[in-house]
Amino acid sequence: RVAEFPRWRNFNHFSTVIHITFSDGNKMQDLSKQTLYSALNVLTHRASPEGYRLLRVISSYLQLYSYIGLDVQTTSTLAALDAELLVFNTALKDYVECALTSPIEDLKLDWDFPKMHLWKHVTRDIRMKGAARNYSTRPNEKLHGPLKEAYERQSNGKDVADQILRVDQRKYAVKLLRMHVDSLDERRRLPDGDEADDEADDEVEARPAPFEGHVKLGSPQQPVSIQEIENSHGQRDRAFQGFRRKFSEFINTSLPAYGYHLERWVSISANFQIQEHRYLKVNYESSVDWKQTTDYLRCNPRFHGCPRYDCALIQLTQDTSVFVQLVFMFKCQLPDVGSFELALVQPFTAGIIGAPRRIDRDMRLTRIKAVSRASSIFVPLRSFIRGALLYPDPAHQDEFIVVDHIDSDLFIRMKTWTR
């Protein structure tokens with residue numbers, strides 16, 4: 001299940017959780033987020049009472065970690081942190097009591113270790129020292145791998161500190177030289193104003209080029225007729241059935257709601273040209289520290305050899321924000337009207353039948369359901385609020401769970417989000 005977890009920028013992806021021999025704290029943190037969602041349908045209340053209680057501990061741990069990791073703390077977030085500590089202690093006590101009477105051997109019973117103790121006074125530490133990032137050890141976690149490699153391959157196992165430091169110094173000297181060479185190459189390049197966003201774009205691009213505005217399309221494809229899009233995609237994907245008809249209805253009925261005045265009904269011919277794009281940058285203001293943040297979304301049938309269709313949170317109406325999955329992004333030009341950047345999306349607005357499930361209450365999950373592919377809709381790209389990571393529930397068709405621990409902004413937004 002972990003191998004099937006949706007991908008996200010700067011979020012480590014794992015093919016297994018059993019045979020990991022070495023990893024740093026940052027990877028373990030990403031793994032803890034993925035483990036919760038991947039194990040929901042495995043460690044159920046009936047199949048594994050011990051596992052289910054452990055998942056409750058992990059769920060509360062992720063809540064605590066998200067609160068502690070906020071770059072800006074307020075009175076309300078600190079109060080929520082204190083309240084969550086009580087929830088965590090209760091969940092942990094419940095798990096230990098269950099493990100004591102369990103027939104399963106070697107379950108962990110002793111949870112008294114330094115990092116657990118640190119949480120007992122974390123609120124006081126934040127009040128005295130500021131945000132936890134000021135004294136976090138996470139920035140150093142990625143250095144563990146190179147240091148381990150230097151010990152194993154470039155030392156004789158004696159007086160290792162001096163040997164490792166010499167290796168580390170040489171590596172930094174080489175990196176410094178490389179940085180200066182790259183900087184010189186960058187200065188010599190003529191600024192052409194174009195950005196090559198295609199399938200070869202690296203998902204872990206260190207410093208993406210900044211841009212102004214709210215959204216920016218990338219990875220453009222060759223323009224094709226709207227009828228060709230419907231014919232080529234509609235046979236294998238119901239989302240494209242009636243593509244031309246739905247587009248015509250959107251243009252004539254929805255554009256006025258976005259401030260465009262149409263003096264007549266706009267007819268869309270079969271050879272109307274549209275240009276597909278497979279990459280989207282979305283700028284938004286973080287709800288945590290009010291700084292500009294950028295999400296990078298893909299809508300690509302073959303991104304590094306695999307299909308990748310990201311999800312987003314959009315403003316559907318003035319009072320309603322919903323989650324959607326990208327199906328198709330494009331740019332088009334309407335004569336006498338203007339240029340438009342639009343997306344065909346599958347909304348997650350279907351109602352979930354029945355009362356809220358116990359697992360959703362216990363794990364504090366936000367569950368949403370997608371409408372049928374045939375009910376896909378067009379939306380302007382400017383209605384996008386930010387990207388989102390959704391985990392498909394394998395036990396319930398078309399149901400997804402919002403991974404609200406992917407970053408601080410989404411974590412805070414989901415505290416007040418309503419359907």
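Biologist: Which helices each supply at least two residues of the lining of the second largest pocket?

Modeller: Those helices are α10 (358–363) and α11 (408–416), where a helix is a DSSP run of H or I with at least four residues, numbered from the N terminus. Of the two, α11 gives the most to the lining, with 3 residues. This is a predicted model, in which local features need pLDDT of at least 70 and side-chain atom pairs count only at pLDDT 80 or more, while totals for chains, interfaces and linings use all residues. Residues are numbered from 1 along each chain as its sequence is written, and side-chain values use heavy atoms, with hydrogens and water left out.

Biologist: How many residues line the second largest pocket, and which lie nearest its centre?

Modeller: On a 1 Å grid over the protein atoms alone, a pocket is an open set of points with protein on both sides within 12 Å along at least five of seven lines, a cavity is a set where a 1.4 Å probe fits but cannot get out, and lining residues have an atom within 4 Å of a point. Here the second largest pocket has 18 lining residues, and D360, L365, T366, R367 and R419 lie nearest its centre. About 330 Å³ of space lies in this pocket, and its lining divides into 7 nonpolar, 3 polar and 8 charged residues.

Biologist: How many cavities of 30 Å³ or more does a search of the whole structure find?

Modeller: The search finds 2 such cavities. The largest cavity holds about 40 Å³ of space, and its lining includes L36, Y37, S59, Q63, M363 and H405, with α1 (25–38) and α2 each supplying at least two residues. The second largest cavity holds about 30 Å³ and is lined by P146, L147, A150, I164, V167, D168 and K171; α7 (160–188) gives the most to this lining, with 4 residues.

Biologist: At roughly what angle do the axes of helix α2 and helix α3 cross?

Modeller: Two packed helices are described by the angle between their axes and the distance between the axes. The axes of α2 (residues 49–68) and α3 (residues 75–100) cross at roughly 160° and come within 9 Å, which means that α2 is roughly antiparallel to α3, a term for angles over 145 degrees. The contact, meaning heavy atoms within 4.5 Å, is made by residues including L54, V57 and Y61 of α2 and L81, L85 and F88 of α3. Those contact residues divide into 16 nonpolar, 3 polar and 5 charged.

Notes. Axes are lines fitted to C-alpha atoms, for helices over the stretch in contact, and angles run from 0 to 180 degrees between N-to-C directions. Angles under 35 degrees count as roughly parallel, over 145 as roughly antiparallel, 65 to 115 as roughly perpendicular and the rest as oblique. Ala, Val, Leu, Ile, Met, Phe, Trp, Tyr, Cys and Pro count as nonpolar, Asp, Glu, Lys and Arg as charged, and the others, Gly among them, as polar. Grid points are joined across faces, edges and corners, and a volume is the space filled by probe spheres set on the points.
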